[in-house]
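I opened the model today and kept notes as I went. Entries follow in the order of looking.

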Amino acid sequence: MPGPAIVAQPPRGSSAVLRRLADALAAVVVLGVFWLPPTLEHQGWRLAAGLSLAALVGAAMLTRERLPAVLVGGVGVATLVAAALGLTDDFMLAAAWCLYPLAVRRATSARRLVVGLIVTLLLVSVTVGFPDDARQAAQWAILSVVAPGVAWLLGTAVGRQLDAARDAARAATRLEVAREVHDVVGHALGLLSAQAGVARSLPDATDAELREALAEIEQRARHTLTEVQELVGTLRAADPDESDDVALAPQLHELVARTRAAGVQVDERVSLDEPLRDATALVVFRIVQESLANAVRHAPGAPCTVVVESVENDVRVQVRDHGPGARQRGPGVGRVEGAGVGPGFGLTGMRERAHLVGGTVQWGNHPEGGFEVNALLPARARGEVSTSG
């Protein structure tokens, strides 16, 4: 059966190229406008010093993603020295450009660095007093404080958004793993328990019958181990392919056969016009699996009906057992709103899975007795056109 619908990360090559182009453009603008004109007005050692400092600043801007804390400090010192020598008009734009990725990654460290830069700039402006004009000196000092401050604020905001997105992705992954483990392991253990109960309830069974029952339990346990290994492999896959259509009927036939082997009478009716997209097939399979597992646990011996059929562009899933219903079951069993029993993890997982593919699911006591699960799921993504036929 297909594994969990894990969202693949977008390719990073194009974004890396864009970042390099942005760094190169920023370096050209800052050096061409604020560094080279003042430097080229000098000669001798001042010209050599100005070109050297400009080269260092440009290299730092091009490699700002690497060791950003060191680069920010180095660019800040280079800018202060160049400003004191009259070799640049840069009011910490290069330092602010290098500060941004540091603020995105480590806002706390960036905050300390920004405070240190601001204090240093104010002290240098007061003691050295460049440029010569007091008004220009005040303007330079203000802009030199504003540029790193703005870069830090923007970087911190973006960093928080990225952290929130990563936390949400981790939470979604944990939830998906929890659903898969519950569905695979819970269903398997339910069938094993039912098979063991059937074997134990045969007091006059012969040795051959007991060995046959134990062999079935062993086979079910081995199959469960294989399912768990496949689940782990799917979860570890870096880029699972979710675009293939899935022939669901054989998977459901095998699932029903295993449930029948546990002593449950299952009437199966599967009628699908075409293969389903992978995401929908997984949800259908898990809904049927969880519903049958609940029937085995909460309505032992009661017959069940499984219906999976195409309804226009959707798939309808209906699983009903003829047991006592939800009111007589233990805690944790789901129900439709107002039935009197709260939903458990499995039924909650059904709703979450259906929502992820744009479908709906409901469950509750059937008017004629028993418990019923109904789901309506899109056969393929909204707006997607089938290529079958």
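Helices are DSSP runs of H or I with at least four residues, strands are runs of E with at least two, and both are numbered from the N terminus. With that set, I looked up R166 and D163: both lie in helix α6, three residues apart, about one turn of the helix.

Ground rules next. This is a predicted model, in which local features need pLDDT of at least 70 and side-chain atom pairs count only at pLDDT 80 or more, while totals for chains, interfaces and linings use all residues. Residues are numbered from 1 along each chain as its sequence is written, and side-chain values use heavy atoms, with hydrogens and water left out.

**Entry: whole chain.** I counted 10 helices and seven strands in the protein chain. Of its 389 residues, 41% are buried (under 20% relative accessible area; exposed is over 50%, partly exposed in between; 1.4 Å probe, protein chains only). The accessible surface comes to about 20,800 Å², by the Shrake-Rupley method with a 1.4 Å probe, where for residues only the protein chains shown count as cover. Carbon and sulfur atoms hold 60% of that surface. I then took contacts (heavy atoms within 4.5 Å). Among those with a separation of 6 or more, 70% join residues 24 or more positions apart.

**Entry: salt bridges.** My rule was a side-chain nitrogen of Lys or Arg within 4 Å of a carboxyl oxygen of Asp or Glu. The count by this rule is five. One of them joins R105 to E65, with the closest N and O atoms 2.5 Å apart. R105 is in helix α4 (93-105) and E65 in the loop between α2 (45-62) and α3 (68-84), so this pair ties together parts 40 residues apart in sequence. R105 is partly exposed at 43%, and E65 is partly exposed at 29%.

Back to R166 and D163: their side chains also meet in a salt bridge, at 2.4 Å from N to O. I read R166 as partly exposed at 40% and D163 as partly exposed at 35%.

E254 and R258 form another, at 3.2 Å. They sit four residues apart in helix α8, about one helical turn. Here E254 is partly exposed at 36%, whereas R258 is buried at 11%.

**Entry: the sheet.** Strands pair if DSSP finds at least two bridges between them. I found an open sheet of five strands in the order β2-β4-β5-β7-β6, with mixed pairing. β2 (266-271) and β6 (360-365) stand at the edges with a single partner strand each, so one side of each has no neighbour in the sheet. From one strand to the next, the twist averages 10°. β4 (304-311) and β5 (314-321) pair in the antiparallel sense over eight bridges. E309 has R316 in β5 as its bridge partner.

For angles I used axes fitted to C-alpha atoms, for helices over the stretch in contact, with values from 0 to 180 degrees between N-to-C directions. Helix α8 (248-261) lies across β2 and β4, at about 180° to β2. Helix α10 (345-356) packs on the sheet, touching β6 and β7 (371-378), and makes about 155° with β6.

**Entry: T39.** Is T39 buried or exposed? T39 is buried, with a relative accessible area of 0%. Its place is in helix α1 (13-40). Leaving out residues up to four places away in sequence, T39 touches L47, G50, L51 and L87.
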